[in-house]
Amino acid sequence: MQAYGERTAPLEDLQLTQGQGPSADASLSSAIVLVPDLVALDPTRWPGLPGPALELGVRAAFAFPLRIGIVTIGVLTGHRTTPGPMTPDQLTAALILADLLAQYLTSHATDADEASRLLDGTSPHFAEVHQATGMLAAQLGIDCAQALARLRGHAFRHDQRLLAIARAVLAQRLRLDTDEAEES
C-alpha cells in the first residue's frame, strides 16, 4: 500500500539507488529518523543524497518504521519542501499512523504470498527492481547483493532512476555483463 506525491517516487528511487537515506535507516535500525533540514545534514551521513534530494525540492524527511513487536515490516516516510522539525502534534500523529498501518498491513494480508511480501519488505512499486536483480544474478552467476549493487551503480553512474534501469534490463534493452554496460 503506497501513496505518491510528485516527489515521493523519485525520492524513494533515489534512496533505493544509493542504498541509503531516511527510509533505509529506519528500516535497518527500526528507529525513527527525523531530518528537519537536508541542507544542515552532516555530509558524511548519506554522501551524495542531499544534493539530488534538494534538486527534487525535498528539504525535510521523516521516516517511521512500521513495527509489529520487534519486527519492522516497512517504513512510513514523509517529506516536505520547507525545512523545519515536526510539531509535537505532527510527530504524535505520525507515530499513531505508523502503528495503525503496521497493524492494518499484517491483519489484511490475504494470502501467504502477500504476507511474505509484507514481512520481507518487498515494495510493490519496486517489484521490477527485485525481478531485474534476480534476472541479472542468474545471467551473471553472481549473488543478488552483487546484482543489486551493479544495478545501483549503473543508475548512479548514468544519473538515471533505478526503476528505469531495472525495466531496461527486464526488457533486455540493457546488458550489465561488463564493467561498463553496453546497450543493445
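User: Why does aspartate 159 count as exposed?
Analyst: In this predicted model, aspartate 159 has a relative accessibility of 74%. Exposed means over 50%, so aspartate 159 counts as exposed. Its place is in the loop between helix 7 (144–157) and helix 8 (162–170).

User: What is the phi of aspartate 159?
Analyst: Phi of aspartate 159 is near 50 degrees, which is a positive value in a residue other than glycine. Most residues other than glycine have a negative phi. Serine 30, in the loop between helix 2 and strand 1, also has a positive phi, near 60 degrees.

User: What makes the pair of arginine 161 and aspartate 13 a salt bridge?
Analyst: The closest N and O atoms of arginine 161 and aspartate 13 are 3.6 Å apart. The cut-off is within 4 Å, so the pair counts as a salt bridge. Arginine 161 lies in the loop between helix 7 and helix 8, and aspartate 13 lies in helix 1 (residues 8–18), so the pair ties together parts that are 148 residues apart in sequence.

User: How many salt bridges does a search of the whole structure find?
Analyst: The search finds three. One of them joins arginine 59 to aspartate 37, with the closest N and O atoms 3.0 Å apart. Arginine 59 is in the loop between helix 3 and strand 2, and aspartate 37 is in the loop between strand 1 and helix 3, so this pair ties together parts that are 22 residues apart in sequence. Another joins aspartate 25 to arginine 45, at 3.8 Å.

User: Why are strand 1 and strand 3 said to stand at the edges?
Analyst: Three strands form an open sheet in the order 1-2-3, with antiparallel pairing. Strand 1 and strand 3 (71–80) each have a single partner strand, so one side of each is left without a neighbour in the sheet.

User: How do you know that strand 2 pairs with strand 3?
Analyst: Pairing needs at least two bridges, and nine bridges join strand 2 (residues 60–68) to strand 3.

How values were computed. Residues are numbered from 1 along each chain as its sequence is written. This is a predicted model: local features need pLDDT of at least 70, side-chain atom pairs count only at pLDDT 80 or more; totals for chains, interfaces and linings use all residues. Side-chain values use heavy atoms; hydrogens and water are left out. Helices (H or I, at least four residues) and strands (E, at least two) are DSSP runs, numbered from the N terminus. Buried means under 20% relative accessible area, exposed over 50%, partly exposed in between (1.4 Å probe, protein chains only). A salt bridge is a side-chain nitrogen of Lys or Arg within 4 Å of a carboxyl oxygen of Asp or Glu.
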